[in-house]
Amino acid sequence: MSRGMPGWRRLRGLIRKEALQIMRDPSSIAIAFVLPAILLFIFGYGVSLDAKNVPIALVVEEPSPATASLTGDFQNSHWFKPRHFSDIPSAQEALRQREVMGILWLRSNFTRELFSGGPAPIGLFLNGVDGNTARIVAGYVQGVWGKWLARYAQDQGRELGLPVDIQQRIWFNPEVRSTNFLVPGLIAVVMTLIGALLTAMVVAREWERGTMEALLVTPVRVREILLGKLIPYFVLGMGGQILSVAMAVWLFEVPLRGSLWVLMGVSALFLVAALGMGLLISTVAHNQFVAGQLAIFTTFLPAFILSGFIFDIGSMPGWVQAITHIIAARYFVEVLQSVFLAGDVWPVIWVNSVALVIMAALFMGLVRLRSRKRLE
Amino acid sequence: MAYKATSQAPALMFSEVRKGFSGGGRKVTALDGVSASVKRGVVTGLIGPDAAGKTTLMRLVAGLLLPDEGEITALGLNVRRQPLEVQSSLGYMPQRFGLYEDLTVQENLDLYADLQDLAPRDRPERYEQLMHLTGLAPFTGRLAGALSGGMKQKLGLACSLVRPKELLLLDEPTVGVDPLSRRELWEIVYNLVEEQGVTVLLSTAYLDEAERCQEVILMHQGKVLDQGKPQKFTDTMAGRSFLVTSPKMNKRHLQRMLGEAPPVLDALILGGGVRVVTKQAQEPTAADLGGEGGDLSIKAVPPRFEDSFVAMLREQGQEAAPPLQPSGRQCSEAWEGPVIEVKDLKRRFGDFMAVDGISFVVEHGEVLGLLGANGAGKSTTFRMLCGLLPPSEGQLQVAGHNLRKAAAQARQRIGYMAQRFSLYANLSVRENLRFFASVYGLGGQRRRERVDWALEEFELADLAGATSGELPLGYKQRLALATALMHEPEIIFLDEPTSGVDPLARREFWRRINALAEEKVTVLVTTHFMEEAEYCDRVVIMDRGKVLAEGTPEEIKLAQKTGENPSPTLEEAFISLIEKNQPNLQKEQAA
């Protein structure tokens with residue numbers, strides 16, 4: 001009892017100090033709340049695989065009710081912003097000037113050939129400079145075209161003769177928004193940065209200001225110093241996590257199909273791992289600038305590229321896939337995507353949670369091993 | 001009896017302690033076989049210039065570093081084996097006080113009380129004691145970051161002592177605080193020693209503080225030169241110090257002449273004359289000193305601690321450099337009036353007035369010293385004079401140019417040596433010189449000539465290829481001065497040029513400044529070494545953004561003469577000036 005008392009008092013003192021500093025110095029609060037909000041905004045809106053309001057040129061050589069109906073569908077689709085051109089050369093000029101992303105060409109025989117079962121009566125030119133977007137636009141065009149065709153056939157009381165060119169390279173379903181799978185993954189990437197930055201920066205700040213030196217000479221134990229950092233920033237980080245989830249659900253309208261408790265539980269595991277990475281960084285980086293740089297390069301960038309949030313891990317070369325196993329964000333991305341979109345898929349949650357526990361234990365263990373009550 | 005035996009054992013014992021640091025592919029020896037002991041219940045000063053190894057030694061005792069070789073015993077405990085036990089019985093104040101600037105005075109105390117396991121029931125009494133000791137009671141609700149340097153230092157001390165300790169380690173507590181706060185700190189330290197029997201180990205680079213210690217360990221370049229009572233050091237110098245004055249000669253000429261005289265070990269300007277230390281304990285005659293019949297008056301003066309340090313270094317074979325030959329260059333007087341004219345100059349940073357309406361002039365070829373503690377506004381004033389920082393209000397003429405309108409023209413005539421020497425650490429000596437010459441628009445033949453001149457003049461030729469970051473401090477300082485002189489400026493600004501260098505390097509530096517003054521170069525220098533201010537023609541004393549006094553060192557001292565102290569030193573005069581300025585100050589702080 002008497003042995004435990006001072007340790008508890010010291011820890012409480014450290015936590016109280018940290019809480020006061022968090023309240024007075026807005027930088028930690030900025031990292032925990034403003035940074036995830038900004039990153040989610042930027043990436044949530046910017047890194048979208050959806051094409052919206054794509055400017056596209058429409059060249060109708062021989063207007064008819066059928067072409068009017070089809071161009072009307074393009075007009076009404078929020079994917080496209082069509083502009084009418086009278087002939088192909090002027091449309092091509094607009095394509096070259098990058099005023100339009102592509103040209104949809106309805107040839108003079110369009111209406112005639114429509115149900116004849118011949119080759120596809122519409123032509124599509126795309127600006128292939130941005131290949132990714134071009135492919136997506138092609139998908140959308142096919143989507144609009146397919147839907148229109150089905151409806152038109154129905155209206156005309158005819159069976160659809162399947163004249164559509166089935167050389168589709170990408171399967172695309174316009175009902176699924178890329179935001180739905182991007183934002184949950186993004187939360188993992190953003191929380192990696194937040195967690196690592198919080199601890200790395202505040203410990204570096206103590207070194208920079210010379211307070212760590214004074215702290216180390218007191219009877220405080222290393223584990224108390226570490227817990228004194230981990231506990232307050234865990235609370236702060238969970239606040240950031242709640243904000244991110246709230247933004248995902250309300251701002252980006254991502255459906256949350258699994259349970260919130262599972263989500264928060266796994267987030268807590270991941271946050272310990274991320275804070276541990278930050279503490280590990282702080283054992284080498286004793287000034288805030290270096291600590292910040294290291295946090296970005298060793299946690300954020302690998303998480304961005306190798307967590308599978310945007311680039312599919314399955315299509316990476318084998319050795320890169322092997323590396324992804326030490327990226328904590330990878331496991332978190334999987335859990336987040338399935339809890340958000342599919343619900344509580346327990347096999348996925350268990351496997352990844354165990355992996356996160358191992359990662360957290362690994363980082364905290366390394367931190368404990370590398371931390372001494374000494375300056376070198 | 002056992003108790004008595006342990007209490008008489010030294011508080012600290014160092015035996016053959018060695019410590020090196022490696023970094024950047026080379027190894028630096030910080031401590032090279034240090035053996036010393038610290039007696040219980042007294043104040044021991046760990047004295048030496050920067051890089052002597054003082055901080056490393058302190059950190060070894062505090063258990064923050066492990067020695068490579070040797071053993072340290074603190075309060076009978078082996079520091080290597082029982083670091084936690086040692087740490088719980090010592091108080092340690094690191095160089096930057098270890099305070100949380102965004103916590104209040106009270107919150108800092110509470111934190112350290114928690115960390116030091118001070119039971120809550122004992123706190124009120126201890127807090128009251130400490131607040132009484134440090135005079136911080138009215139400020140408990142203030143953020144530590146908003147305290148003045150002197151108050152921070154006292155709070156740092158209170159935090160390291162929040163639980164009564166047997167041993168107190170203070171690492172350079174007096175750096176950068178004004179002389180008044182320094183004096184108060186010494187009073188607190190002696191209070192602790194006398195009333196609570198604390199053992200204090202205090203490091204300092206100010207040699208004059210040695211005389212305030214009961215015991216001294218003198219260190220230089222990782223080695224202990226000697227240990228003992230300060231008396232022991234000054235006793236060896238008895239009968240070797242004299243003040244030489246001459247009615248006819250300018251004090252700089254006099255210093256140069258005396259420096260060349262064979263019996264003289266050291267010659268320094270002090271007041272209106274030159275203080276010499278002789279090689280033997282024998283009063284020199286005017287003829288010995290190179291003077292002609294009756295033009296020199298020689299008076300014996302008491303020895304100082306620094307004399308013995310200089311003597312030891314010289315005996316180790318560090319010869320005094322030969323005096324510089326005047327170059328014969330004379331700066332032109334291309335414009336009318338004073339070289340620098342400052343009128344009602346103000347500089348605001350947010351709500352804070354860093355410089356609050358100062359006025360002074362500097363005449364052609366004058367050496368002007370700008371004195372004051374950290375935060376007095378010296379560096380801000382300097383940056384405005386160099387055109388690096390625009391003033392908020394007021395007028396500023398440098399070399400006949402209004403700095404607001406023609407900063408570029410004025411800058412061509414200015415040389416600036418920044419605090420901490422702005423050198424490119426990974427460039428060689430020659431590359432630094434070449435770079436700074438180019439910056440000032442020198443090229444081709446002219447640049448080559450100036451680089452060669454600097455290498456020779458500053459005795460850097462052998463080191464031309466050395467990486468400047470690896471040079472010893474004294475050489476860095478020389479190189480920094482050389483880079484500021486590449487374009488032969490007519491005005492030169494030196495910001496804390498000698499802080500931390502050893503006394504020989506400081507003498508060497510001033511020898512060059514004197515040579516510049518003889519070329520009629522105008523020199524502006526900031527310093528917090530009061531002794532150094534004696535070498536200036538005139539000084540301006542600043543405190544909290546205002547000029548408190550201005551005049552020759554003699555005039556300043558004379559103005560503060562009192563019945564109790566008929567011949568104050570410049571430091572005493574400075575303290576009394578600041579004290580007179582204090583009543584207003586205390587009102588402001590309480591508000």
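**Aromatic rings in a predicted model**

B:Y424 is partly exposed, with 41% relative accessible area. This is a predicted model, where local features need pLDDT of at least 70 and side-chain atom pairs count only at pLDDT 80 or more. Residues are numbered from 1 along each chain as its sequence is written, and side-chain values use heavy atoms, without hydrogens and water.

Visitor: Is B:F435 buried, exposed or partly exposed, and what is its relative accessibility?
Guide: Buried means under 20% relative accessible area, exposed over 50% and partly exposed in between, with a 1.4 Å probe and protein chains only. B:F435 falls in the partly exposed class, at 33%.

Visitor: How many residues apart in sequence are the parts that the pair of B:Y424 and B:F435 ties together?
Guide: Phe, Tyr and Trp (six-membered) rings pair if their centres lie within 6.5 Å, with planes under 30 degrees apart stacked, over 60 edge-to-face and the rest tilted. B:Y424 and B:F435 pair edge-to-face, at 5.1 Å centre to centre and 80° between the planes. B:Y424 lies in the loop between β20 (414-417) and α13 (429-439) of chain B and B:F435 in helix α13 of chain B, so the parts tied together are 11 residues apart. Helices (H or I, at least four residues) and strands (E, at least two) are DSSP runs, numbered from the N terminus.

Visitor: Which residues form one aromatic cluster with A:F304 and A:F309?
Guide: A:F304 and A:F309 are both buried. Their own pair is edge-to-face, 5.3 Å centre to centre with 80° between the planes. The cluster also holds A:F43 and A:F300.

Conventions. Chains lettered and ligands numbered in written order.
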